[in-house]
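Please keep the sequence and the coordinates at hand while reading.

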Amino acid sequence: KSRLFFEFTRSHRTQGWLILESSSVSYGAATSYLPVIDLLKSYFQIEDRDRTQRIREKVTGKVLTLDEKLKDAIPPILSLLEALPEEDGFRSLNPPQRRGRTLEALKQLLYRESRRQPLLLVFEDLHWLDSESQAVLDALVESLPTSRVLLLTNYRPEYEDRWASKTYYTRLRVDPLAPESADELLDALLGDAPSLDLLKTLIKER
């Protein structure tokens, strides 16, 4: 499933698109917004060496350049990136208020960006998704029909998606390769030497 995404996002079909990619990790379900934060770091080109002041400059500059009407989105975004000033009033809001402001800020930012250029959002491995990132996805899905955003997600069978009833949602099931297809693939990749038979068997079992 990841290879299919890799091929699509690097194909001619996405030329001229802004592509933002993130993925969940096995330990990430206990960390709120983890894949969303990764996506924001990519969008704002935030690097590990960036200090708090530099993060604020990147976020504030890009958001206001995109649209000055998005200034209210800056505090929730800085909060996610752990760069919010101590005195900012966003900190005094109760948890439901902060959550609502955060969801709205992310929606406004991404959909406003999609008016400049088509936007492809990639979220991989939703079976490890935390509940807050799930809320972000649910909020984004509701507004997809009126935007230039393509949302790609992938997940293992144990994940239960919530969008099956949407007319603009398509699910592609990727089943394991049939034995003959697996043999053909491994022959193409590794060759057909008899000494490789045990290795190929192990790979097929995995």
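Ser-114 is found in helix α5. The model in which this residue is described is a predicted one. With a relative accessibility of 2%, Ser-114 counts as buried, because the cut-off for that class is a relative accessible area under 20%. A polar atom of the Ser-114 side chain lies 2.7 Å from the backbone oxygen of Tyr-111.

When residues up to four places away in sequence are left aside, Ser-114 touches Leu-119, Ser-147, Arg-148 and Val-149.

## Overall architecture

The protein holds 8 helices and 3 strands, and read along the sequence these follow the pattern α-β-α-α-α-α-β-α-β-α-α. Taken along the principal axes, the C-alpha atoms fill a box of roughly 70 × 40 × 30 Å.

Of the 206 residues of the protein, 41% count as buried. Among contacts between residues at least 6 apart in sequence, 66% join residues at least 24 apart.

Strands β1 and β2 run parallel and are joined by 6 bridges, with Leu-18 standing opposite Leu-119 in β2. Strands β2 and β3 also pair in the parallel sense, over 5 bridges, and here the bridge partner of Val-122 is Leu-152 in β3.

In a regular strand the side chains alternate between the two faces of the sheet.

In soluble globular proteins, nonpolar side chains tend to be buried together. The largest nonpolar core in this model has 46 residues, and those with the most contacts inside it are Leu-40, Phe-44, Val-59 and Leu-121. The elements that give two or more residues to this core are β1 (18-23), α2 (34-43), α3 (52-66), α4 (74-80), α5 (95-114), β2 (119-124), α6 (131-143) and β3 (149-153), and the largest share, 6 residues, comes from α5.

Which residues does Val-59 touch, not counting residues up to four places away in sequence? The contacts of Val-59 on that basis are Phe-44, Ile-46, Ile-74, Ile-77, Leu-78 and Leu-81.

## Aromatic pairs

The count of aromatic pairs comes to 3. One of them joins Tyr-43 and Phe-44, whose ring centres are 4.8 Å apart and whose planes stand at 75°, so the pair is edge-to-face. Tyr-43 is buried, with a relative accessible area of 3%, and Phe-44 likewise counts as buried, at 3% relative accessibility. Trp-163 and Tyr-169 form another aromatic pair that is edge-to-face, at 6.0 Å centre to centre and with 75° between the planes; Trp-163 is itself buried, with a relative accessible area of 4%.

The ring of Tyr-43 has a charged neighbour as well, since Lys-62 lies over its face at 4.1 Å from the ring centre.

Lys-58 is found in helix α3. Is the residue Lys-58 buried or exposed? With a relative accessible area of 16%, Lys-58 is buried, and its side chain is joined to that of Asp-50 by a polar contact of 2.7 Å.

Not counting residues up to four places away in sequence, Lys-58 touches Phe-44, Gln-45, Ile-46, Glu-47 and Asp-50.

## Two residues with positive phi

Gln-45, which Lys-58 touches, has a positive phi of about 55° although it is not a glycine. The place of Gln-45 is in the loop between α2 and α3, and at 57% relative accessibility Gln-45 counts as exposed.

Asp-125 is also not a glycine, and has a positive phi of about 60°. This residue sits in the loop between β2 and α6, where, with a relative accessible area of 15%, Asp-125 is buried.

Terms used: Residues are numbered from 1 along each chain as its sequence is written. This is a predicted model: local features need pLDDT of at least 70, side-chain atom pairs count only at pLDDT 80 or more; totals for chains, interfaces and linings use all residues. Side-chain values use heavy atoms; hydrogens and water are left out. A nonpolar core is a set of buried Ala, Val, Leu, Ile, Met, Phe, Trp, Tyr and Cys residues joined through side-chain atoms within 4.5 Å. Buried means under 20% relative accessible area, exposed over 50%, partly exposed in between (1.4 Å probe, protein chains only). Helices (H or I, at least four residues) and strands (E, at least two) are DSSP runs, numbered from the N terminus. Contact means heavy atoms within 4.5 Å. Rings of Phe, Tyr and Trp (its six-membered ring) pair if their centres lie within 6.5 Å; planes under 30 degrees apart count as stacked, over 60 as edge-to-face and the rest as tilted. A charge sits over a ring if NZ of Lys or CZ of Arg is within 6 Å of the ring centre and within 35 degrees of the ring normal. A polar contact is a pair of N or O atoms within 3.5 Å; within protein, one must be able to donate a hydrogen and the other to accept it, and residues adjacent in sequence count only if both atoms are side-chain atoms. Two strands pair if DSSP finds at least two bridges between them.
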